[in-house]
Amino acid sequence: MTDTITPPSELRGTKVRLTPLQIENIHRHFEWNNDPELNRMDTEVPYVEERFGAFKQRFESMLRPSFTNVDLEIHAIDGPLIGVVHIADINRHNQHCLVGLTIGDRDYWGKGYGREALALVLQYCFETLGMHRVSAETFEYNAAWQRLVEGMGFTHEGTERDYLQRDDQYWDKHIYGLLRPTYEAMDLPELPDTSSAAT
Ligand SMILES: CC(C)(COP(=O)(O)OP(=O)(O)OC[C@H]1O[C@@H](n2cnc3c(N)ncnc32)[C@H](O)[C@@H]1OP(=O)(O)O)[C@@H](O)C(=O)NCCC(=O)NCCS
């Protein structure tokens, strides 16, 4: 497989549905992009407020099909846009990728939306993209993401000590991996079949 990856038109669960990024939602994405607390949780890039023009260019490039990345919006089922998913470093030869997700709308934190979004992403990665391994990374202060990936069967594989410098101190980065046999043995709640989604 050497073609670019066409994002799925929709991955639908019971609480959330995931869709491709949509240009009409750019202002919501821009708001989350410039949120220092979200930046602290979901990226190692130091927070710098980005100008709209620069963000727009980046966002437009994310709308184009890529060989290595799939970016999706998270919508509450029949409701508003609440977050974003990044599937990155997709390596189709070795069948691995890296996932991250952000529920940008804080009203939706701690209510199971992240968990179902991750379940849909894993289903897509393993069953549609044909991955053998999905990785996730987190900083030591991000208890929610750690708990979420551990609860979804990921194994803590290692720690990069003092990886991140933030708040005048160093923080560890934890590396997690989920392999296909573990995923297949998991007793996840039944999700609608997304295997017809295009790759
Ligand atoms: C991390 C994040 C995606 C979790 O999504 P969520 O919808 O709030 O989480 P859920 O309600 O689905 O809960 C998932 C698990 O995390 C736990 N959790 C949620 N918020 C938590 C918190 N603040 N502290 C500790 N655990 C927490 C829940 O208890 C649950 O674990 P359990 O099933 O063992 O009880 C969300 O908080 C978020 O977007 N944070 C900011 C961005 C970020 O950190 N992204 C991850 C790195 S890319």
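This is a predicted model: local features need pLDDT of at least 70, side-chain atom pairs count only at pLDDT 80 or more; totals for chains, interfaces and linings use all residues.
Local features were taken at pLDDT of at least 70 and side-chain atom pairs only at pLDDT 80 or more, while totals for chains, interfaces and linings use all residues. Residues are numbered from 1 along each chain as its sequence is written.

Eight strands form an open sheet with mixed pairing. Their order is β1-β2-β3-β4-β5-β6-β8-β7. Strands are DSSP runs of E with at least two residues, helices are runs of H or I with at least four, and both are numbered from the N terminus. Two strands pair if DSSP finds at least two bridges between them. The edge strands, β1 (11-12) and β7 (155-166), each pair on one side only. Strands β4 (residues 81-91) and β5 (residues 96-103) run antiparallel and are joined by seven bridges. Ile87 stands opposite Val99 in β5.

Helix α4 (residues 113-128) lies across β1, β2 (16-20), β3 (70-76), β4, β5 and β6 (133-139). It runs at about 155° to β5. Such angles run from 0 to 180 degrees between N-to-C directions, with axes fitted to C-alpha atoms, for helices over the stretch in contact.

The largest nonpolar core has 35 residues. A nonpolar core is a set of buried Ala, Val, Leu, Ile, Met, Phe, Trp, Tyr and Cys residues joined through C-beta atoms within 7 Å. A residue is buried if 20 or more other C-beta atoms lie within 10 Å of its own, exposed if 12 or fewer, and partly exposed in between; C-beta atoms are placed from the backbone. α4 gives the most to this core, with eight residues. Val99 is among the residues with the most contacts inside the core. Beyond its neighbours within four places in sequence, Val99 is in contact (C-beta atoms, placed from the backbone, within 7 Å) with Ile87, Val121, Cys125, Val134 and Ala136.

Asn25 sits in the loop between β2 and α1 (26-33). Asn25 counts as partly exposed because it has 16 C-beta neighbours inside 10 Å. Leaving aside neighbours within four places in sequence, Asn25 is in contact with Glu73 and Leu81. Asn25 and Glu73 are 48 residues apart in sequence, yet 9.3 Å apart in space, C-alpha to C-alpha.

Technical notes
Two residues are in contact if their C-beta atoms, placed from the backbone, lie within 7 Å.
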